[in-house]
Amino acid sequence: MKLARDLEIVGDLSNLPPSASGARNLVWWGNTGFMVIEGTGFALAAAVYLYLLTQASGWPPKGDQHPGLLWSGIFTAGLILSELPNLWVLRCARAKNVAGVRWGVLAMTLIAMALLIPRAFEFAHLGVTWHQDAYGSVVWLLLVLHTAHVITDWGDTAVLGAWLFSHEVGDDQFSDVEDNSNYWTFVVLCWLPIYALIYWAPRVL
Amino acid sequence: MTRDQDRLDRLDATWRDAPGLWGFLTTVDHKRIAARYIVTALLLMFLAGMLALDMRLQLSVPENTRMSPQLFNESFSLHGSTMLFLVSVPAMEAMAFWLVPLMLGARNMAFPRLGAFSYWLYLGGVLTLWIAHAMDITPDLGWFEYPPLSGPSYSPGHRADIWAQMITFTEVAALAASVNVAATILKMRPPGMTLARMPVFLWAMLIASIMTILSMPSIMLVTSMLIADRLVSTHFFSPAGGGDVLLFQHLFWFFGHPEVYIIFIPATGFISSIVETFSKRPIFGHSALVMSLMSIGALAFGLWVHHMFAVGLPQLGNGFYTAASMAIAVPAGLQIFCWIGTMWAGRPWLATPMLWVLGFVATFVVGGLSGVMTASAALDLQLTDTYFVVAHLHYVLIGGGIFPLFGAFCYWYPKATGRLMSERWGQIAFALIVGGFNLGFFPMHLLGLMGMPRRVYTYPAGMGWETLNQVATAGSAIAVLGGLVFVANALISYWRGAPSGPDPWGGSTLEWASASPAPSWNVAYTPVVDSLTPMWNDGRPLRAMDGIAIERREVLVTSVTDATPLYRQLSASPSIWPLIASLAVAAMFLGSIFTPWAVAIGAVPIGAALIGWFWPTRPRASTGPLRARS
Amino acid sequence: MVGTAMTRLFAMLPFLLLAGCDGIQTPLSPAGDQASALHQLLMLMTIVCGVVYGVVLVGIGWSLWRGHNHTTAFGDTPGDDRRLSRGLWTAAAAIVIGLTVLVVGSFIADRALFATRGKNAMEVRVTGHQWWWRIEYRDSTTGRLIETANELHLPLGRTTRLTLGSADVIHSFWVPNVSGKIDMIPGRRNTLDLTPRHLGWFRGQCSEFCGAQHAHMAFDVKVESPAAFDVWLATQTRPAPPPLDAVAARGQAVFAGPCAACHVVRGTDASGRAGPDLTHLASRHSIAAGTLPMTRGGLQGWIAQPQALKPGTSMPAVSLAPADADAVAHYLETLR
């Protein structure tokens with residue numbers, strides 16, 4: 001094995017810890033990268049909504065109903081409130097609390113599943129189908145994108161919960177809980193501007 | 001200090017792949033993954049080149065009936081889609097995959113299995129497009145399929161859907177690869193390699209990755225909207241339903257313009273590396289080069305409307321986009337100055353990689369200048385959609401992307417294979433390719449100015465276009481011949497090339513510190529860096545640190561700005577899950593060409609594959625309700 | 001190598017440009033105000049860009065020569081970096097100045113293109129179809145639309161305002177000798193002003209890929225004196241003359257069958273709107289959107305085998321007995 005140069009050993013890295021949390025962790029950056037990708041996707045979908053709005057003579061177009069506020073209100077309130085247990089789970093992960101992350105992640109799994117119920121009713125009360133006109137298409141686009149978000153994070157959380165309970169919980173798993181919790185916060189934050197667009201833009205603009 | 005053979009053997013045992021097919025399917029070695037990307041891209045480049053020659057033969061004679069319009073339209077669509085989505089961007093990603101860990105003195109990328117997943121998905125995109133071609137359902141509406149032509153009314157059948165889903169495959173692969181490259185460059189640098197001491201090549205790959213992350217969601221969104229219009233009757237792009245045809249163009253070009261810089265910026269990274277080594281002095285203007293790359297990256301997102309100057313948008317907006325599109329010539333021009341300046345102040349020697357740098361400058365600058373001409377919203381009304389813009393795009397993409405890629409190939413070939421390519425045949429290939437390309441494409445500027453539109457399968461006699469078309473055909477044929485010589489040189493040198501040793505060119509950056517070819521574990525110790533050119537330290541031994549484990553796969557993670565060592569991260573071992581997951585994803589993507597239910601149904605195998613992928617290998621719990629009971 | 005290929009091309013350049021210079025479909029031979037403004041801009045840009053390219057080539061040549069002669073170890077002459085830094089600022093300034101010149105030039109040309117907005121102009125509506133052009137002149141006295149297809153006449157020295165749209169997919173209207181192009185987009189109306197300054201025939205072609213026969217979607221443009229234009233327009237307004245002989249009458253009768261479903265001949269019962277208006281077909285320069293000449297042979301060939309000549313066109317092949325086909329062609333030739 002020929003090398004270009006001799007080496008001179010000037011230090012030893014073996015005393016470094018085998019894990020890290022938060023932004024020090026490598027996987028945190030991967031998670032953040034994917035959040036940037038999806039956030040960009042949402043921003044562009046919102047831009048599509050606003051573009052079509054500016055091109056239309058009426059919004060919603062004549063004959064289309066406004067989307068219902070009841071179920072969306074329930075969903076939105078529930079989503080915002082879910083941040084409380086979510087942030088608690090985040091604290092448990094940072095404090096390396098095994099029981100806390102196990103039961104907390106289970107709770108988040110159940111909460112996410114429960115939130116899908118008002119979300120289903122939201123779809124039924126949008127007041128327009130996706131194939132009716134461009135307004136309907138873009139409203140469904142936004143809601144479908146966010147719902148996919150919720151469903152995949154719910155799946156993620158469920159699997160995370162399953163292996164937290166069935167396996168030893170180490171530093172890497174606490175980091176995973178942290179990343180999962182950050183991702184749920186991302187799901188909540190993404191919803192707020194989308195909610196404003198779907199449910200309030202037609203009433204206010 | 002002598003090599004510790006026992007240490008090397010134990011590193012081999014930890015990092016090597018299983019033998020045979022299983023090893024091939026489960027490898028997470030970034031070098032092997034990059035190699036398969038490059039081989040696939042080169043093969044596709046050849047196929048796309050054959051399509052091009054076919055079209056050039058068709059256009060050599062006016063009113064030629066050799067090719068039917070359907071076949072010609074399929075050919076230019078397949079040629080453009082292949083070169084842009086399946087060759088150029090993947091080849092640049094592949095060079096990043098291959099070189100980034102080596103240049104960082106790291107043992108693998110940040111997310112090894114994600115890298116394997118990227119390749120399999122990319123291959124899925126390749127197969128989607130080319131098997132469709134074999135089955136005669138080739139997309140035939142160009143490489144950007146504008147509605148309403150690509151909508152349900154005017155393109156029944158599934159050709160347009162094939163195109164849209166091919167893009168979905170390649171964009172997911174590229175997004176995953178970009179997150180991988182960016183995380184590696186930000187968090188896995190060697191101690192001492194602060195951002196200020198990061199070579200231009202790594203800056204280029206980082207910026208290209210970030211641009212990919214911010215631009216590709218746009219094309220994923222717009223192709224999904226197109227499929228939705230075609231499959232489930234949404235009205236995003238149909239005027240009758242309140243949709244807007246131009247919405248597609250805005251979303252497409254919001255991605256499409258950064259895309260060409262995603263191809264060009266890594267190429268500038270290659271050029272910076274080659275110019276430095278072959279001028280025998282540190283590159284001039286490191287800060288200027290990095291800031292130029294950042295400005296190009298940022299500006300690239302503000303130019304997309306220059307692809308829509310003929311669409312009839314308000315004049316004031318067009319004026320803004322003219323100024324912005326011309327402004328990007330400033331950082332590009334400054335880069336050229338820095339490279340030429342390095343040669344001026346150095347001792348340049350014209351080995352084959354440096355010849356490609358010269359070919360790049362001579363060719364790309366023509367493309368850049370014709371780009372300045374098309375940047376004028378007014379003049380573009382005469383130039384767009386003619387052969388002038390065909391000439392422009394090939395000059396910048398081939399001159400600015402492919403020529404640096406060929407140079408990089410020659411430059412790093414010894415590091416990959418341990419052998420040198422033949423200099424003489426390299427020079428011959430260079431002359432044929434660069435000379436043939438210029439002979440083939442320069443006339444197209446004139447053809448455009450003589451009124452020949454693009455994407456036409458034939459043209460009338462008596463327009464005066466015959467001679468230049470024939471010259472273009474001849475030049476293209478010469479270039480393809482040169483390409484064959486280049487590939488033959490690469491293949492023959494693999495077995496019969498002179499052994500290169502670890503550092504045949506006297507390179508300045510860390511990849512030259514490892515052996516040639518690099519072993520599966522890349523480096524036995526972690527290098528420590530105190531300059532931009534760590535290998536140029538007057539022949540003194542390289543400083544390095546011990547401590548990253550040998551008995552298990554482990555990599556060093558450092559801080560983002562200062563590269564302070566933070567912790568040791570377990571690095572993923574070979575796994576079959578990336579392949580299984582990509583098969584599940586492919587099934588969903590392909591199914592959704594035919595029915596929207598494929599998304600829901602297809603999610604199940606994907607979920608299962610991802611669970612398998614991420615299932616931890618820790619011991620079973622000893623506490624709690626699901627604890628292991630003995 | 002690169003050098004010899006480029007030299008060969010530059011040597012050929014004048015001859016090739018001259019070949020295009022008197023073309024009927026080229027921006028290099030401006031025959032209208034809009035094309036003239038753009039031609040001047042083209043010349044400015046070519047000169048500036050040519051100079052820049054020359055400077056870059058000289059720069060490389062000089063650098064290679066100087067570097068080749070370096071003898072100091074590691075090639076580092078003290079002060080080189082300082083000189084390069086000054087050079088970098090100079091290069092930046094030069095690039096910015098050059099681009100400013102070009103942006104200003106572009107702005108001036110742009111203003112010239114829009115100089116006729118708001119002024120009085122004759123209105124013509126052009127609608128793109130796969131793969132032909134519906135052209136409708138607004139009669140200034142009656143306000144009615146006078147329809148023709150695939151051929152545009154323009155009065156010399158006056159501004160004609162085109163309103164451009166599409167009935168199906170995106171097309172693009174381009175007569176390079178007179179002006180730049182504008183897309184024709186379904187759901188949008190675009191406007192293009194044309195002010196021709198030279199008499200003669202020119203050719204336009206669709207410049208946005210619009211499907212199978214995009215390559216055969218061209219049209220003829222005739223620039224004539226205002227008096228001749230008025231005569232032409234008056235002719236277009238009139239219905240078709242009745243057939244003058246038996247063969248033409250037979251042709252008209254055959255036409256009333258398969259052809260009338262898609263084509264209009266005003267003055268008869270033929271009123272199909274799917275294809276071009278044929279009322280004054282024989283007065284045109286070409287047929288099938290610039291694909292074939294307007295001659296007896298062109299007509300008969302087109303009627304007999306449209307799919308062979310323009311595969312994918314909307315016009316189906318209609319099998320006619322030879323005598324009937326002759327009669328139809330003869331009839332169409334009378335539609336002046």
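**A helix and its surroundings**

Modeller: Happy to! Let's take helix H3 of chain C, residues 80-113, in this predicted model. With 34 residues at 1.5 Å a residue, H3(C) should span 50 Å, and because its end C-alpha atoms lie 49 Å apart, the length agrees with that expectation.

Now look along the helix for what is hidden. Leu84(C) is buried, and so are Ala91(C), Ile95(C), Leu99(C) and Leu102(C). Further along, the buried residues are Gly105(C), Ser106(C), Ala109(C), Asp110(C) and Leu113(C). As you follow that list, keep in mind that an α-helix has 3.6 residues a turn, so residues three or four places apart point the same way.

What covers these buried residues? From chain C itself, the cover includes helix H2 (33-68). Chain B contributes too, with helices H10 (315-327), H11 (329-345), H12 (352-375) and H13 (377-383) among the covering elements.

That brings us to the contact between the two chains, which takes 79 residues from chain C and 75 residues from chain B. On the side of chain C that touches chain B, helix H1 (2-21), H2, H3 and strand E7 (182-184) each supply at least two residues. Your helix stands out here: H3(C) gives the largest share of that side, 17 residues.

Key
Residues numbered from 1 in each chain as written. Chains lettered and ligands numbered in written order. Predicted model: local features only at pLDDT ≥ 70, side-chain atom pairs only at ≥ 80, totals over all residues. Helix = DSSP H or I, 4+ residues; strand = E, 2+ residues; numbered from the N terminus. Expected span 1.5 Å × (residues − 1). Buried ≥ 20, exposed ≤ 12 C-beta atoms within 10 Å, placed from the backbone. Contact = placed C-beta atoms within 7 Å.
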